[in-house]
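Here are my notes on this one, as promised. Have the viewer open while you read.

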Amino acid sequence: QAQLEESGGGLVQVGGSLTLSCAASGVILGIGRMAWYRQTPGAQRELVAAITRDERTQYADVVTGRFTISRDNANTVYLQMNSLKPEDTAVYYCNAAIQGNRGLTTTYWGQGTQVTVSS
């Protein structure tokens, strides 16, 4: 089994920057696609950015040019958020496809971290 631990959320001013981190831990043989999603009350969870094992990336149109997703060799995915807007306010969730024992791959979700952009 594995788990995802998110950090870096908080309060930031309009136009500011914030970096989210998500560290995978536990019994991990490999990690495939990793992604960040966000959700506001009453809305569906939406994809913000994703990155594959070979570092191909995709972004939601509303964050393209402002957000950057990346991953390192320590099972951590990052989301660098620049030029933040009030509409970026949401709970951000880390998502990862993690291969565990016996080659079983399971999709995991982080607990969510609140990002609030003040007007």
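1. Ground rules. This is a predicted model, where local features need pLDDT of at least 70, side-chain atom pairs count only at pLDDT 80 or more, and totals for chains, interfaces and linings use all residues. Residues are numbered from 1 along each chain as its sequence is written, and side-chain values use heavy atoms, with hydrogens and water left out.

2. Arginine 38 sits in strand 4, residues 30-39. Strands here are DSSP runs of E, at least two residues, and helices are runs of H or I, at least four, numbered from the N terminus.

3. A buried arginine. Arginine 38 counts as buried because its relative accessibility is 7% (buried is under 20% relative accessible area, exposed over 50%, partly exposed in between, with a 1.4 Å probe and protein chains only). Its side chain makes polar contacts with the side chains of aspartate 88, at 3.0 Å, and tyrosine 92, at 2.9 Å. A polar contact is a pair of N or O atoms within 3.5 Å; within protein, one must be able to donate a hydrogen and the other to accept it, and residues adjacent in sequence count only if both atoms are side-chain atoms.

4. Overall fold. The chain has 11 strands and zero helices. Its radius of gyration is 14 Å, close to the 14 Å that the globule rule gives for 119 residues, so the chain is as compact as a globular protein of that length (the radius is taken over C-alpha atoms, and the rule is 2.2 Å times the number of residues to the power 0.38). Buried residues make up 40% of the 119. Of the contacts with a separation of 6 or more, 55% join residues 24 or more positions apart.

5. Two backbone spots to check. Most residues other than glycine have a negative phi. Glutamate 55, however, has a positive phi of about 70 degrees; this residue is in the loop between strand 5 (46-51) and strand 6 (57-59), and is exposed, at 53% relative accessible area. Serine 83 also has a positive phi, near 50 degrees. Serine 83 lies in the loop between strand 8 (76-81) and strand 9 (90-99), and counts as partly exposed at 40% relative accessibility.

Notes: Contact = heavy atoms within 4.5 Å.
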